[in-house]
Amino acid sequence: MSTLLIILLAIIGLLVVMRREAGAKAALAVLVVLGVVGLALGAAVIGTVLLIGAAVTAIAGLPALRRQWLTPRIFAIFKKVAPKVSDTERTALEAGSVSWDGELFSGKPQWENLLAFKDDGLRDDEQAFLDKQCTQAAGMCNAWDIARERADLPQALWDYLKKEGFFGMIIPKEYGGLGFSAKAQSMVLQKLSFNETLMVTVGVPNSLGPGELLLKYGTDEQKNHYLPRLADGREIPCFGLTGPRAGSDATSLPDTGIVCKQIVDGKEVLGVRLNFEKRWITLAPIATVVGLAFRLFDPDKLISEEEDRGITLALIPRETEGMDIGRRHHPIGSPFMNGPIKGKDVFVPLDTIIGGKEMVGEGWRMLVECLSIGRCITLPSGATGIGRYALGWSGGFTRIRRQFNVPVAEMEGVQEPLARIASLAYISAATVYQTANLIDHGEKPAVPSAILKSQLTEFQRVLLSDAMDVHGGKAVTLGPRNYIGIGYSANPVAITVEGANIMTRNLMIFGQGAIRCHPYVLEELAAKDANDVKAFDNAFFGHAGMIFGNAARAFTQGLGLGKPAVPFEGPAKAYAEDIARLSAGFSLCADAAMASLGSSLKKREMISARLGDVLSNLYLASMVLKQWQSSDKVDGEEALLHYSCRFLLQRAEQAFVEIFDNLPNRALGKALKVMVMPTGRRWNKPHDDLARAIAQRVSTHSALRSKLIDNTWSQDGEVRNPLARYNALLADYERAEALYRTVNKAYAKGELPPTALHPEQRIEAGLEKGLISAEDAQFMRTFEAEVLEMLTVDDFAYDAFANDKSTLIDHNAKVSKSAAAQPEAETS
């Protein structure tokens, strides 16, 4: 009995030490004390085993002892198996900052650190711009006219965007810009996102490109000249990075610049001769100044002793001789300005290099440092914004669209996608807003930028598909009345650009995070490069302690023992606790994958992608809880919180299962499954009751619907606004529904003529029978006319779609008499 008790106490004691990462001394104390107690109680075998364990722990765990024999041997092995980090990889790893993503990698996230990023909301001038200028710009935007008639924004809208400073949101006020916060930039793009062309046109100059690069690295002369001109739209920028052979692999640029001298206006000028071919460059067809990335060479050593100077960035005026610019690509679904740029033997002075001579060869660092912020905002904000609109449109349409005498919003087959749209919109809004808030506090979130770009644009794909489904024929028939089809067809653009989602998910999220965000891996690699045994010892055994700690935390918390302390109450508490539990499991699996696969993990992209999926879902769920904690709640929002968190945590657990099942070392996979999920999965997909409750609220005039579509374009302008029209219909819906029930019930009883098949006919018949008042009848005439308008689709002249009218076939032409007189062919 005493033996079993001592074993149990040893297990508990060691688990406590491991959970707290208390170190070798604490473990040594547990083993020695219990070993001595075992000998004293006559349990000689277990007492001896524990004392032997104590001796091994002392030799391997105490720094003074292990550094004499163990650390040098481990260090020698590590130097052989550790992956080699190239200079370009190292630059990417060192870019940006680590924040909540690092907490999730640690396995013991400190929620107080996330909640410490307070949200002060938008400034008065930012909110005013959102309310006035954004509303005005949106009201000038006719999607059908832009996409199918002119393939461009109207001139009046271009003029307004320039006049009101839309292209200068990131430029400080001292240079004539708006100086907006990251949150304000995001909210502007969300409001404009109902039209892809408008959102991209405003978003790109405020994202990765000449403006941001000049702000961070430009010379004073470059800033003073270009920033005011970019802010007021006198200059339209584009940035040439990708090309036919350099897309996602931007470090393999084949475009070159050769340092040379050339006679210009009778004077010898030191500069660069460029040869380049770029594709998919947004705003290129109309750009007045081109940011260009190229590989710089100095064969004659005119500026240094090195020949290959690396990736360099320059700013080139449109009229520069030799540059071919102005043609267009045709982006799927959206005619935003995008096209190729070519240049042959284009000579530019050396001062066109962004940052001047001092920034020669620093182009890759400049790009990755800027990308961490721009990629967090532009496309994620666009995806979030279209999610808000898709929810508003879909909720409104499914409420006014009636089948079988009931709104289709009351049908469970429609409620399921409606709830999913609401949840994805809710998650996206929380994530993009709270990450922008981190940026406003000085963070440069590199790994979260990859999470937001890939995850939120994938959400966009799903929710737009759901929105198309619930709209049915209304959405698949193009025309001026179709407010969703053009945006749906443009969705692949967001999936593909700024780092294709396939590459981002499989290579970047975990591939970059495993080194950048891990508490110890970067230190271990630095110690290897410096051949510093002591630094390696501190990092490696700190790392080992973290692994043991995460194993203990994941296992005990998986059994429901020792829940982590979290600063949440109410419905958020359980989700925060489980995010912490899964964080420990994630960190453990990450270390297991790196240890078992080593450098080959780079090639095991599907495993890397699933580890990235775990991290992504935990990050998204954390942002939802942060938003819940810091914002005012409305009636019905708790159901959406439950749905969203369960959706994300179920996806995280599914990714874990796929990791366990696919690790090449099967024993390791099974062991990890026991440690991380000792009782199996905890989270199923959200319950149907939640879907029904959410769908009811987002398809009616409710506080939850109003919150979810807040800060969207919801007023009429020069163009009628479908969201405004749905909002107006929903505001009157309760009155209309009562009248629908009255006349439909009377029709079912035979009190109205059997020919009263249309709602309008039943209203008139009900008025004649005295079932409804004249006032109600007039109300319903107006209401039903608006409903019919929102349900109506467009039709066109027979020859409207034929660009070449000469190819048009008249399928209804009369058959000639001679042809008709011919006998039919015999058949066998």
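How many helices and strands make up the secondary structure of the protein? In the predicted model, the secondary structure comes to 34 helices and 9 strands. The C-alpha atoms fill a box of roughly 105 × 90 × 80 Å along the principal axes. Of the 828 residues of the protein, 54% count as buried.

The protein is divided into three stretches, namely domain 1 (1–61), domain 2 (219–353) and domain 3 (722–791). The centres of domain 2 and domain 3, taken over C-alpha atoms, are separated by 63 Å. The feature "domain: Acyl-CoA dehydrogenase/oxidase C-terminal" is placed by UniProt at residues 361–501. That span is 78% helix and 3% strand, and its end C-alpha atoms lie 28 Å apart.

Strand E2 (residues 256–264) pairs with strand E3 (residues 267–282) in the antiparallel sense over 9 bridges, and Ile263 stands opposite Glu268 in E3. E2 and E3 form a hairpin with 2 residues between them. Asp265 is found in the loop between E2 and E3, and its phi is near 50°, a positive value in a residue other than glycine. Asp265 counts as exposed because its relative accessibility is 78%, above the cut-off of 50%.

E2 also pairs with E4, here in the parallel sense and over 3 bridges; the bridge partner of Ile258 in E4 is Phe297. Strand E4 (residues 289–297) is in turn joined to E5 by 9 bridges, with the two strands running antiparallel. Within this pairing, Leu296 has Gly310 in E5 as its bridge partner. Strand E5 (residues 308–317) is mostly covered, with 8 of its 10 residues buried.

The relative accessible area of Gly322 is 38%, so the residue is partly exposed. The C-alpha atom of Gly322 is separated by 37 Å from that of Trp144, the two residues being 178 apart along the chain.

Ala151 is placed in the loop between helix H10 (143–150) and helix H11 (155–163). Phi of Ala151 is near 55°, a positive value in a residue other than glycine. With a relative accessibility of 24%, Ala151 counts as partly exposed, whereas Asp265 counts as exposed.

Leu4 is found in helix H1 (residues 2–20). Its relative accessibility is 59%, and Leu4 therefore counts as exposed.

Conventions: Residues numbered from 1 in each chain as written. Predicted model: local features only at pLDDT ≥ 70, side-chain atom pairs only at ≥ 80, totals over all residues. Heavy atoms only, no water. Domains from an automatic or database assignment. Buried < 20%, exposed > 50% of the residue type's maximum accessible area, 1.4 Å probe, protein only. Helix = DSSP H or I, 4+ residues; strand = E, 2+ residues; numbered from the N terminus. Pairing = 2+ DSSP bridges. UniProt positions renumbered as here; feature names shortened; annotations may be inferred.
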